[in-house]
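Let's take a walk through part of this model together, beginning with a pair of helices and moving on to a strand and its neighbours. Keep the viewer open as you read.

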Amino acid sequence: VDAPSYGEKNFYSASLNKYKEFLMSNNLQLTKEIKSFDNVKAVEEILKIGLVFSNQLIARFTSSLLTKPFVILTGLSGSGKTKLAQAFALWLCENETQYKIVPVGADWTNREPLLGFPNALEQGAYVKPDSGVLDLIIRATQNENKPYFLILDEMNLSHVERYFADFLSTMESDEEILLHAGDEKWEDVPAKINLPKNLFIVGTVNIDETTYMFSPKVLDRANVIEFRVTDTEMESYLGQSGKVNLEVLKGQGAAMEQSFVELAKNRDLAYSSQPDMNETLVSFFRELKKAGAEFGYRTAAEIQRFAAVTEALETNWTTEQILDVVIMQKLLPKLHGSRKKLVPVLETLIKLCVDKEAKAEDFYQYKEGEDKTMVLYPIALEKLQRMYRGLLDNGFSSYAEA
């Protein structure tokens, strides 16, 4: 048999592409290799392109997404918050229709920029938002085995509670969001929509005079990850040559996307050292209650979930390392107030972050050469020391910093 000519090759290639388009348009998928989600590989490949983050920070980000699909990234402006969210979405997703970066506007006073609204002048017509968020949600509901990412850039440029209220409510209740009063679809927009379990929402936050603080009900529903830049990281960044090319990451982890979604939906995970963790959490609860800063059931459940997910990802973190992260991400973000209000709370928390044999007052403020062997939770302690110093200097302190 003669080899196919150049024209025949083009015909076969075009036919194959048409067949692929047909399968995708009919919600069918080509058979592809499915791999278990590998957190170590994700970290390695994201760092390989030149992004300057610690391995632990990326691992905290992925574990937080799998714990609950709402993560807030805060901290120093220009420290790579949006870049990390974008890099992970690019790496994990099969194509660009699975993620959306949406800059939040200062004029967002209701849900319309995210969900659109019924056209009051035309029966059965619906005005979709220009942001493309509603289309992203609809695609996510139609493809339950694929992850979809909504990245809200500068999320607190407007009052979050105004434009994000429906999301916050359905996140906990699993109830549907009412879009219009019809019984059937208006064009391709259903009357009601669920927030799909395969939709992961990441909000980036900057703190300055143009932004708004988050209320406790928003912070309580998210894992809050603070971004800082160390001397070593800045030195590494300045030593790089060339621009970071995120395009290299496109689809590299796509074989793991189904496994990622399955892990996010798996509610049967349990942490093997749960009794030890529970004992420590009860100790924290008792001490914090004395200062009126105790946590609720939702926070306790999400801490347990985070520990189980982290163990499932085989990070080899100890119970102390997991507790260090959850104290930082779940217990501290809601702290803010005056010197009179916060001094006893911060002193209590610092006491809980060091060994029982240590004198807590020696750790209220960071001192060069302090005994690190006496520190149980270094990430949380460093943050508390910064807050304590700010409290003494300014008479007011908050978890959120510029």
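In which hand does α3 cross α4? This is a predicted model, and in it the crossing of α3 past α4 is right-handed. Helix α3 covers residues 55–67 and helix α4 covers residues 81–92. Their axes lie 12 Å apart and meet at an angle of about 65°. Because angles of 65 to 115 degrees count as roughly perpendicular, α3 is described as roughly perpendicular to α4.

Now turn to strand β1, which spans residues 70–75. Is this strand enclosed or open to its surroundings? Six of its six residues are buried, so β1 is largely enclosed by the rest of the structure. You can see this on both faces: F70, I72 and T74 point one way, V71, L73 and G75 point the other way, and all are buried.

What does β1 pair with? One partner is strand β8 (residues 199–204), which pairs with β1 in the parallel sense over four bridges. Within that pairing, F70 has I201 of β8 as its bridge partner. Strand β9 (residues 223–227) also runs parallel to β1, and five bridges join the two. Here you will find T74 standing opposite E226 of β9.

How values were computed:
Residues are numbered from 1 along each chain as its sequence is written. This is a predicted model: local features need pLDDT of at least 70, side-chain atom pairs count only at pLDDT 80 or more; totals for chains, interfaces and linings use all residues. Side-chain values use heavy atoms; hydrogens and water are left out. Axes are lines fitted to C-alpha atoms, for helices over the stretch in contact, and angles run from 0 to 180 degrees between N-to-C directions. Angles under 35 degrees count as roughly parallel, over 145 as roughly antiparallel, 65 to 115 as roughly perpendicular and the rest as oblique. A crossing is left-handed if the near helix is turned anticlockwise from the far one by less than a right angle, and right-handed if clockwise. Buried means under 20% relative accessible area, exposed over 50%, partly exposed in between (1.4 Å probe, protein chains only). Two strands pair if DSSP finds at least two bridges between them.
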